[in-house]
Amino acid sequence: MTGQQDDFSHLDRAGRATANVARNPRLTVNVVVGASIALAWLLLAAMAIRSAETQISAPGDALLRNLPQLPLPAVLERFFALCLSPAPLDASIGPHTLALILMWFLMAIAAMLPSAAPMIRIYCEIADTARIKGESVVHPLVLVAGYLCVWLAASMLFAALTLAVHAFAASGGIFDPVLGVAGGLALLVAGLYQFSGLKEACLTKCRNPFSILFSNWSAETVRVFRLGAAQGIWCLGCCWALMLVMFAVGVMNVFWMALIGVFTLIEKQTTGSLPTRLAGAILLVWAAALLVVSL
């Protein structure tokens, strides 16, 4: 992709519009990223409504249960059923695992991709400058793909942890995602991590994408993909512990997903450690209360 301006006047209106979109990487990435986030939230909200139909355990479930039921394709109904039911140790474990991976990946897109918007915007600005100079640039979607591949790998780990929780619950032990020991331990880990040096180091990288992108600028597709993956690793280092909170409040709690997404965006955009330390203190107090009740 270069800064050369081609003449599309010979095309019809639809052709000119398509050509202009293809020539404008900033518009393309905004449309794709925005549509991906909206679709992820739409699917998760529909899944949360299905979950609220069978139980009322999370804040807002009663409200979701009263919403009108929309007809969904059979493939989505099957996907929701796999995500919301415990995993049996039989032949269906494969489809169940794939469904859980996709569910966690949708959660990552919905809650984490918005916080990557500043990084994508800065890349587009640098790319625009390079294109004006006539230099070749790699499309921003390659950077986004690298970023999302890291969260896809993380989704596999979260799915494996979900299966382990399901196996424990199915084994006869008493397990409650809100009041149980596992929920308290998840909050404890998340709270302690907010005060760790690794969290601070990853957060510093996430807050300063310009210096990283500018110093590692490349016109090679593979290197830009790796650059996106590197940013994804820093983001994962910031937020993996916060994602554990979902095990304490209910994996399909869309209200907490939204809260985590908003907090992540604020945390990356502000300077200082006050939001991080405050969230850590709240999580530790919450964890202590749950553990005292559960033990």
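Val142 sits in helix H7 (residues 140-170), where helices (H or I, at least four residues) and strands (E, at least two) are taken as DSSP runs and numbered from the N terminus. The model is a predicted one, in which local features need pLDDT of at least 70 and side-chain atom pairs count only at pLDDT 80 or more, while totals for chains, interfaces and linings use all residues. Residues are numbered from 1 along each chain as its sequence is written, and side-chain values use heavy atoms, with hydrogens and water left out.

With residues up to four places away in sequence not counted, Val142 touches Thr221, Val224 and Phe225, contact being heavy atoms within 4.5 Å. For Val142 and Val224, the C-alpha to C-alpha distance is 6.7 Å, against a separation of 82 residues in sequence.

As for the chain overall, there are 13 helices and zero strands, so the pattern read along the sequence is simply α-α-α-α-α-α-α-α-α-α-α-α-α. Of the contacts with a separation of 6 or more, 79% are between residues 24 or more positions apart. Buried residues account for 44% of the 295 residues in the chain; buried means under 20% relative accessible area, exposed over 50%, and partly exposed in between (1.4 Å probe, protein chains only).

Helix H5 is represented here by Phe105. Phe105 is buried, at a relative accessible area of 17%. Phe105 and Cys149 are 44 residues apart in sequence, with their C-alpha atoms 9.6 Å apart in space.

Ser115 comes next, in the loop between helix H5 (93-111) and helix H6 (117-132). Despite the loop setting, Ser115 is buried, with a relative accessible area of 5%. Neighbours within four places aside, its contacts are Tyr147, Cys235, Thr264, Leu265 and Lys268. With Lys268 there is also a side chain to side chain polar contact, at 3.1 Å. A polar contact here is a pair of N or O atoms within 3.5 Å; within protein, one must be able to donate a hydrogen and the other to accept it, and residues adjacent in sequence count only if both atoms are side-chain atoms.

Not counting residues up to four places away in sequence, Arg207 touches Glu267, Lys268, Thr270, Thr271 and Gly272. A polar atom of the Arg207 side chain lies 2.8 Å from the backbone oxygen of Thr270. Arg207 and Met119 are 88 residues apart in sequence and 8.9 Å apart in space, C-alpha to C-alpha.

Met119 is also on the contact list of Gln231, which lies in helix H11. Leaving aside neighbours within four places in sequence, that list reads Met119, Tyr147, Lys205, Pro209 and Ile212. Gln231 is buried, with a relative accessible area of 4%.

On to the cysteines. A disulfide is a covalent bond between the sulfur atoms of two cysteines. Taking a disulfide as a pair of cysteine sulfur atoms within 2.5 Å, the count is zero. The closest cysteine sulfur to that of Cys202 is in Cys238, 5.3 Å away, and so too far for a bond. Cys239 is in no disulfide either, with the nearest cysteine sulfur, that of Cys235, 4.3 Å away. Both residues are buried, Cys202 with a relative accessible area of 4% and Cys239 with 0%.

Finally, the second largest pocket has a volume of about 240 Å³. On a 1 Å grid over the protein atoms alone, a pocket is an open set of points where a 1.4 Å probe fits, with protein on both sides within 12 Å along at least five of seven lines; lining residues have an atom within 4 Å of a point. Grid points are joined across faces, edges and corners, and the volume is the space filled by probe spheres set on the points. The lining consists of Leu242, Val245, Trp256, Leu259, Ile260, Val262, Phe263, Ile266, Ala279, Ile282, Leu283 and Trp286. Helix H11 (221-249), helix H12 (254-269) and helix H13 (274-294) each give two or more residues to this lining, and H12 gives the most, with six. By class, the lining has twelve nonpolar, no polar and no charged residues, with Ala, Val, Leu, Ile, Met, Phe, Trp, Tyr, Cys and Pro counted as nonpolar, Asp, Glu, Lys and Arg as charged, and the others, Gly among them, as polar.
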